[in-house]
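Work through the exercises below with the sequence and the 3D structure at hand. Each task is followed by a solution in steps.

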Amino acid sequence: MSYLITGGCGFVGSNMAAYLIRKGETVTVLDNLSRDGAFANLTWLRSLGSFLFVHADTRNPFEMEEAVRQPGLRAVFHLAGQVAMTTSLRSPRRDFEINVLGSINLLEAVRAYAPMLTVVYASSNKVYGNLGFLDLVEGDTRYHPRDVRQGVDESAPLEFHTPYGCSKGAADQYMLDYARGFGLDTVVLRHSTIYGGRQFATFDQGWVGWFCQQAIETMRQPERPPFTISGDGKQVRDLLHVSDAVACYMAAAEHIDAARGHAFNIGGAAENSMSLIELFQFLEARLGIKMNYERLPWRQSDQKYFVADNAKASKLLAWKPQVTKQAGIEATLEWENSKLATPLHF
Ligand SMILES: NC(=O)c1ccc[n+]([C@@H]2O[C@H](COP(=O)([O-])OP(=O)(O)OC[C@H]3O[C@@H](n4cnc5c(N)ncnc54)[C@H](O)[C@@H]3O)[C@@H](O)[C@H]2O)c1
């Protein structure tokens with residue numbers, strides 16, 4: 001039995017591949033190496049053990065057909081994608097081609113050549129638009145809903161905002177429809193913030209890693225110019241450590257009989273939720289610094305609050321997040337620090 005990981009040199013994909021390689025499983029990592037840091041992740045994976053690397057692009061249907069036609073393949077973790085809302089606004093067509101066409105190419109290849117294969121797809125909280133129905137109260141450091149204690153569950157109305165929301169949402173719905181209409185074993189996991197080591201965070205995507213970078217830079221150079229944030233910093237996400245994400249992908253594959261054709265909201269849960277301001281407070285106390293930032297306008301359709309209700313995943317996948325936000329941020333700081341030519345002591 002073996003596993004195929006599309007986007008296997010990305011942040012989540014390389015963690016997924018590392019987990020399987022270390023377990024001695026047979027792994028194929030498919031990636032077009034378009035993301036900054038993807039080649040570094042490939043080099044790191046090669047230091048862990050053996051696996052097959054396929055330099056391919058999900059937009060090419062023939063390459064996807066070849067990838068799924070390997071004998072003994074058990075599951076595909078479909079993580080390749082255009083991953084930032086901001087870049088989708090700059091190039092909606094590219095976003096569409098990678099996220100929608102790339103996913104259709106995978107589904108069609110599976111339908112034609114490997115219909116017994118499990119496909120687990122990385123979707124997004126963006127399929128729920130700006131969650132305008134939540135009745136939010138503005139506190140000193142965060143927004144919180146007046147009446148949703150468990151977080152947002154899968155009954156929230158779908159509303160695709162921004163090209164990225166449309167492309168992730170379209171692929172999400174195709175995945176579910178290929179289970180419904182063609183009987184494929186597909187599962188959809190909807191995430192907001194995944195964080196941890198091997199992420200090459202940027203201003204556009206990966207906010208926890210990005211602000212950990214800003215904190216380390218501030219420690220190195222306290223007088224540096226302010227960095228920027230979008231919105232008022234009170235927007236809340238539940239932080240999902242990448243090791244918990246990996247465990248969830250494995251659980252989805254293992255529980256495919258219960259999970260097929262379902263979408264799951266997956267996050268770190270309310271106890272691991274944080275606003276930007278709360279992250280800054282944590283980093284200031286931890287590193288003895290002052291985070292100096294300037295505000296930019298809100299990003300388009302930015303949700304002021306998203307905390308996943310994991311109840312469905314807990315019931316059908318027997319999965320729950322394990323890593324606390326404190327431990328996860330500590331690990332992220334270590335990772336960001338390790339990327340410096342001269343790491344700091346803290
Ligand atoms: N990281 C998060 O917080 C988060 C949140 C919600 C959803 N997701 C979804 O999870 C998945 C993985 O995210 P990530 O953070 O690891 O992203 P990432 O950018 O680190 O990894 C994506 C990988 O896919 C590769 N890739 C891009 N286009 C490709 C193509 N056409 N063909 C082959 N490879 C291609 C890139 O080179 C990269 O290595 C994505 O689909 C993303 O939308 C991530």
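Helices are DSSP runs of at least four residues, and they are numbered from the N terminus. The model is predicted.

**Exercise 1. The overall form of the chain**

Decide whether the radius of gyration agrees or disagrees with that of a compact globule.

Solution. First count the elements: the chain has twelve helices and 15 strands. Then take the box along the principal axes, where the C-alpha atoms fill roughly 55 × 45 × 40 Å. A compact globule of 346 residues would have a radius of gyration near 20 Å, and the chain has 19 Å, so the value agrees. Two further figures complete the picture. Buried residues are 49% of the 346. Of the contacts between residues at least 6 apart in sequence, 83% join residues at least 24 apart.

**Exercise 2. Helix H5**

Describe the length of helix H5, its bend and what covers its buried residues.

Solution. Helix H5 covers residues 92-113, which is 22 residues. From first C-alpha to last it reaches 30 Å, close to the 32 Å expected at 1.5 Å a residue. At Leu101, H5 bends by about 25°. Its buried residues include Asp95, Ile98, Asn99, Gly102 and Leu106. An α-helix has 3.6 residues a turn, so residues three or four places apart point the same way. The cover over the buried residues of H5 includes strands S1 (2-6), S4 (73-78) and S5 (118-124), together with helices H3 (61-68), H4 (85-90) and H6 (162-182).

**Exercise 3. The largest nonpolar core**

Identify the residues with the most contacts inside the largest nonpolar core.

Solution. This core has 91 residues, and those with the most contacts inside it are Ile5, Ala17, Val120, Leu189, Cys248, Tyr249 and Ala252. Helix H8 (residues 242-254) gives the largest share of the core, nine residues. Take Leu189 as a case: beyond its neighbours within four places in sequence, its contacts include Val120, Cys248, Ala252 and Phe264.

**Exercise 4. Positive phi**

State where Arg198 and Ala269 lie, and whether each is buried or exposed.

Solution. Arg198 is in the loop between S9 and helix H7 (207-220). Its phi is near 75°, a positive value in a residue other than glycine. Arg198 has 21 C-beta neighbours inside 10 Å, so it counts as buried. Ala269 is in the loop between strand S12 (263-266) and strand S13 (273-275), with phi near 80°. Ala269 has 22 other C-beta atoms within 10 Å, so it is buried.

How values were computed. Residues are numbered from 1 along each chain as its sequence is written. This is a predicted model: local features need pLDDT of at least 70, side-chain atom pairs count only at pLDDT 80 or more; totals for chains, interfaces and linings use all residues. Helices (H or I, at least four residues) and strands (E, at least two) are DSSP runs, numbered from the N terminus. The expected span of a helix is 1.5 Å times one less than its number of residues. The bend at a residue is the angle between axes fitted to the seven residues ending there and the seven starting there. A residue is buried if 20 or more other C-beta atoms lie within 10 Å of its own, exposed if 12 or fewer, and partly exposed in between; C-beta atoms are placed from the backbone. Two residues are in contact if their C-beta atoms, placed from the backbone, lie within 7 Å. A nonpolar core is a set of buried Ala, Val, Leu, Ile, Met, Phe, Trp, Tyr and Cys residues joined through C-beta atoms within 7 Å. The radius of gyration is taken over C-alpha atoms; the globule rule is 2.2 Å times the number of residues to the power 0.38.
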